[in-house]
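Subject: Structure handover

Hello,

Here is the structure for you to look through. My notes on it follow below.

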Amino acid sequence: MVDTKREIERKYEGPPAGGDTPLPDLTDVPGVSRVIDKGVAELDATYYDTADQRLATASLTLRRRTGGDDAGWHLKLPVSEGVRDEIRAPLSDSVPDDLTALVRSRVREAELVPVVRLLSARDVRHLVDASGTLLAEVSVDRVRAERLSGGAGSAEWTEIEVELADDGDPAFLDKVEKKLRKAGLRRSASASKLAKALEDTAPRRSTKPGKPEKSEKSERSGKAEKGEKATKATKAATDAKSGPRESAPRTAGDHVLAYVRAQRDAIVELDPAVRRDVPDSVHRMRVATRRLRSTFRSYGKVLDRTVTGPVGDELKWLAAELGVDRDQEVLTEHLTAALDGLPSDLIMGPVQDRLDTWSGARRSGSRQRLIAVLDGRRYLDLLTTLDTLVAGPPLLEAASKEPEKVIAKAVRKDFKKVADLVGQALELSPGSERDLAMHDARKKAKRTRYAAETATPALGEPAAELVKSMKSLQTLLGDHQDSVMVRETLRELATEAQGADENAFTYGVLYGREEQRAAAAEAALPGEWEAIEDKGAV
């Protein structure tokens, strides 16, 4: 059993271990009525990672901690600066399976081993308002770090941690920080205790004879830089990240690879969110797979299709698996909203109950299947293949050319395909053939949009405008396709209702409304496309 807590905190540099408590009087912080001394807690935390620190490289921390009021396993996932989701599991001797699953996209087949032990004396104070409500917890942590792998160093320091109370206003942290800064404290240079421990306990490099040793500051800076980069086992992925990112993209290949890299990163980073069923996470991962596959197809003159083609096939498989859950989610949301919008006298029979049963049964099955996919060998192999492709991209001759020519040509080619498909749809009469043509046009509009996204850094405003145009067209065609799918679902539900001797009237009403929605999209398409054609491609 695991639970999640949103953690919003800031860390500040304190004096060397053993010094006096570096806290100023916080009772005059606006909103604070009292500062309550909660005593000192002795904490013993062992941090786990791969031998090459894949979790630390991604700013993830996994620890087993005793002492305090939250002993157990804690996995911290970054959300934004100063904000993390802490996933907690009960104390056990080995890493809980639930937490192992949440880091699998990073760890793959590598073993999680103890890397650092932190012994902390935490002096805790609660900042409360006039009603006694907790505003924030402030702690002075005197820390001793011991390296458990990759060396045998140790380090000691003191830091101040200010953690916002649950459901608190983040602006309150600014008020506390103002007081701390006046007292001479500053934000910590390290994002976490683990990051600082890895930096401060890293083996020192020996200096060559005849050369002066680095200053402590430059030594520390060098180790920090090293700590931010991945080590050997993640070298394939990290080289692709740190190499091209150090300089601005210049060639067509640089721009395409930057986009490919961003989508690969998105898939890996979204994996824990999908496993936790975070809203919209499945959709976002599915979009990343589509962007990658579209990029391979649109920029076949830049990346060798004989290499990217099979990878694209695997991405298509993953998108389909993700779609089982996502399509179910979209249909349920739409049908629920449509039912809520009906007058009560048009709702006959247990329509909501049947919809809930249909949705719950299907979603339960799709979630189980999706988790099995993310735990499977095929998915993990795909992630490794993407790392390899990014590290050693199959670049063709056009990759070294000016992006203005190569990329613009690819975008215009995709735009022409959209134009042809929209034209075909407009020539057809309403019905299944037009539905299919509009669906095909929607898929090509997405591909053109993604190609234009790739091109925007190189081509600027024209590409950005095309992204907007394709997004608008995609929305219109998407509404039409959603109506097609909803009508199919309504037919299915109506059939089940009739089989159970229930009144199917409401399903017919909803079906008719969906027909009207589809007709409205078809009527709007000519004007929408005319406006897009007037703007043209890049």
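Start with two helices, H9 and H14, which are roughly perpendicular to each other because their angle falls in the band from 65 to 115 degrees (under 35 counts as roughly parallel, over 145 as roughly antiparallel, the rest as oblique). Helix H9 covers residues 281–298 and helix H14 covers residues 432–459. They pack at an angle of about 80°, and their axes are 9 Å apart. Axes here are lines fitted to C-alpha atoms, for helices over the stretch in contact, with angles from 0 to 180 degrees between N-to-C directions. Among the residues that meet are Val 287, Arg 290 and Arg 291 in H9, and Lys 446, Arg 447 and Tyr 450 in H14. Contact means heavy atoms within 4.5 Å.

Some ground rules. This is a predicted model, in which local features need pLDDT of at least 70, side-chain atom pairs count only at pLDDT 80 or more, and totals for chains, interfaces and linings use all residues. Residues are numbered from 1 along each chain as its sequence is written, and side-chain values use heavy atoms, with hydrogens and water left out.

Now the overall picture. The protein chain has 16 helices and nine strands. These are DSSP runs numbered from the N terminus: helices are H or I with at least four residues, strands are E with at least two. Of the 538 residues, 46% are buried. Buried means under 20% relative accessible area, exposed means over 50%, and partly exposed is in between (1.4 Å probe, protein chains only). Take the contacts between residues at least 6 apart in sequence: 73% of them join residues at least 24 apart.

Next, confidence. The pLDDT is the predictor's confidence in each residue, from 0 to 100. The chain averages 89, and 89% of the residues score at least 70. Where pLDDT is low, the predicted coordinates should not be read in detail.

How many aromatic pairs are there? The count is two. Rings of Phe, Tyr and Trp (its six-membered ring) pair if their centres lie within 6.5 Å; planes under 30 degrees apart are stacked, over 60 edge-to-face, and the rest tilted. Tyr 48 and Trp 73 form a tilted pair, 5.1 Å centre to centre with 55° between the planes. Tyr 48 is in strand E2 and Trp 73 in strand E4, 25 residues apart. Both Tyr 48 and Trp 73 are buried. Phe 415 and Trp 529 are stacked, at 5.7 Å and 25°. This pair links helix H13 to helix H16, across 114 residues of chain. Phe 415 and Trp 529 are buried too.

Last, two single residues. Val 351 is in helix H11 (residues 351–375). Val 351 has 4% relative accessibility, so it counts as buried. Beyond four places in sequence, Val 351 is in contact with Leu 339, Thr 506 and Tyr 507. Gly 150 lies in the loop between strands E7 and E8. Is Gly 150 buried or exposed? Gly 150 is exposed, with a relative accessible area of 55%. Gly 150 and Asp 52 are 8.6 Å apart, C-alpha to C-alpha, and 98 residues apart in sequence.

Best wishes
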